[in-house]
Amino acid sequence: MTNPTDTKSFFESRIFDLQGQIQSLETRVKTLSWIRVLLFVGVVVAIVYFTNVRAIQLALIAILAFVPLFGWLVKKHNQVNFSLRQHQFLSAINQDELLRTEGRLSGLDDGIDYLDHQHEYAPDLDLFGSNSLFQLLVRSRLRGTRDLMAKWLLNKSSKNNLEERHTAVKELEKNTEWRQNLTAYGYHGDQEDKKYANVVLSLIQWIDDNLNLLKNPFWLIARFLMPLVSVIFIFGIAFLEWPYQWIYLPILVNIGLLSVLFKSTMEVTNEFGNIASFLKGYENVILEIEKKSFQSELLISLHDQLKTENGSASGSIKSLRRILMFLLNRANILYLPFNVLFLLDVNWLILAVQWKKKNIDKVEKWFDAVHQIDALNDLASYAYTNQDFVFPTVTSESQHLLTRNLGHPLINPSQRVLNDFELSGQGQLGLITGSNMSGKSTFLRTIGVNLVLAQLGAPVCASKFEFSLAQIFTSMRTQDNLEENVSSFYAELKRLKQLLDLLNKNEPTFFMLDEILKGTNSEDRHKGAISLIYQLVNHECRGLVSTHDIQLSTLSKDLPKVQNMSFNSVINGDEIIFDYKLSLSPCTSFNASKLMEKMGIIKI
């Protein structure tokens, strides 16, 4: 296994190599751009010259030769430019990986839109927002992949699903170049806009609502007949000396036909024209997946979802993208004359109808497979970047959690403190006492964050992690709400009521309650905490409660299911020393007075 230092060196080396390739591709793009300009100017000069000397045939030959040659140059330019952007995206991906190895997540997508403040644990465990699990895990720019990853973060999976994901992630982790290419392909096009999440399905519905008239045989005949008529007239004028005015006859008929579809054509380009680049990203992601051979059952199953009877999923997406690209090019100066001669709009719209008929039953399966493989790819990239993390073991045993060298994955490795922890059995409750700033809250979040990772199928920050599936519940960051006239204490009570309602469903639950009932006086807090703990140990649950109320530690005498734990500090002169190590006993040291003294509140 590569250690973190080697991983960092790998990313730095990748960035260096990619920068050299980017410079070479930039030169090629500029060269092809100049060749296109020179060719266009040369053809214009030739056409003007041949027209002035009345060599109409030569002018037509120049135009006919220019179109395919210029089209080839445009295609070549687009290919090289696409490769340039792909390498630029790969460089950015490796730079982001460097940031993750250094614990600098602030510039990465934080997924804050997915945060639900009423969720059982999301508000307290830094799933979304600044310095969050979402930033640590998600590399993909595909909206559907980010939606899926948020869903995995917010919900536990089954034992079977987790084991399948472990196998798939371990397989993908081995091939860094393929993983990064897949992610980079998803960077092409604007994936940020939420409206693109189901855009292809929206396009299919639009085709159903607006283009049914094209199913009429009249349009199928006109699609081929009128372009043929235009070719006959052009040939007659160029080589049989027909009067050039005759060309207006097919043009006028074609304009009449195009006017019938003008509204629909403008609507499809306005509503869906911008998704062509969006589809380019999916097209290349699907193609990369189609070319890959997999060994794990989950990846093979998802790969099979992309298979079609004729052609391929990537080819079908490419066909749709090309149809939209041609329609989008209606504003091109060269498009108009070819449109009125050959009914290009009619051709592309009919092709769109045919595409919908052929693929309507397959699209959702394609995108579902892509998003699942892409999400697994993100987990594999996360696993590669954190090779000192371990894949957890899902046990069939009820209410079980055993960890060794457990740390918080969002804390920089140089500052991360590791602890062993075990809490197994129904009703088991770890009562954590400790002095201020000693690490109680961070430890609760360490447990919670790693449980979230474990229950979505990712490696956890530990050397060993055995657990049974459970609903996670937290109450840590309850705040007042002036708009709803809710005090912080009442907000905490509502949160605890939410926990009790959850426990009444008899679903295995792991709870983490920080500074229990902190918003009221010491006597009421003590009475309320005792009553709550008595209820918790008699439910289908287990969990952790942190408190400053050292008297609660005596509950272990009457309640064997209560285990005392603590974090302590040492006062050495004017210095308060924290080791952030978990102790399996009540707290024996307190530092509030010393802290107030250091802040100038207490005068000695």
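Asn 274 sits out in the open: its relative accessible area is 53%, and exposed here means over 50%, buried under 20% and partly exposed in between, with a 1.4 Å probe and protein chains only. The residue belongs to the loop between α10 (262-272) and α11 (275-291). Helices are DSSP runs of H or I with at least four residues, strands are runs of E with at least two, and both are numbered from the N terminus. From Asn 274 to Thr 167, 107 residues away along the chain, the C-alpha separation is 38 Å.

The model is a predicted one, so local features need pLDDT of at least 70 and side-chain atom pairs count only at pLDDT 80 or more, while totals for chains, interfaces and linings use all residues. Residues are numbered from 1 along each chain as its sequence is written, and side-chain values use heavy atoms, with hydrogens and water left out.

On to the overall build. The protein has 21 helices and eleven strands. Its radius of gyration is 33 Å, well over the 25 Å that the globule rule gives for 604 residues, so the protein is more spread out than a compact globule. That radius is taken over C-alpha atoms, and the rule is 2.2 Å times the number of residues to the power 0.38. Along the principal axes, the C-alpha atoms fill a box of roughly 110 × 50 × 50 Å.

Contact means heavy atoms within 4.5 Å; among contacts between residues at least 6 apart in sequence, 77% join residues at least 24 apart. The protein exposes about 29,200 Å², and carbon and sulfur atoms supply 55% of that area. Such areas come from the Shrake-Rupley method with a 1.4 Å probe, and for residues only the protein chains shown count as cover. As for charge, the mean positions of the 60 positive and 62 negative charges are 6 Å apart. Lys and Arg are the positive ones and Asp and Glu the negative ones, with His and the chain ends not counted; each charge is placed at NZ of Lys, CZ of Arg, CG of Asp or CD of Glu.

Now the aromatics. The structure holds 23 aromatic pairs. Rings of Phe, Tyr and Trp (its six-membered ring) pair if their centres lie within 6.5 Å, with planes under 30 degrees apart called stacked, over 60 edge-to-face and the rest tilted. One of the pairs joins Tyr 382 and Phe 389 edge-to-face, at 6.1 Å centre to centre and 70° between the planes. Tyr 382 is buried at 0% relative accessibility, and Phe 389 is buried too, at 9%. Elsewhere, Phe 10, Phe 11 and Tyr 384 form one aromatic cluster.

Helix α14 (residues 335-342) has Tyr 335, Asn 339, Val 340 and Leu 341 buried. Their cover includes α8 (217-239), α9 (248-260), α13 (313-328) and α15 (344-359).

Asn 506, in the loop between α18 (488-503) and β7 (509-513), has phi near 60°; at 55% relative accessibility, Asn 506 counts as exposed.
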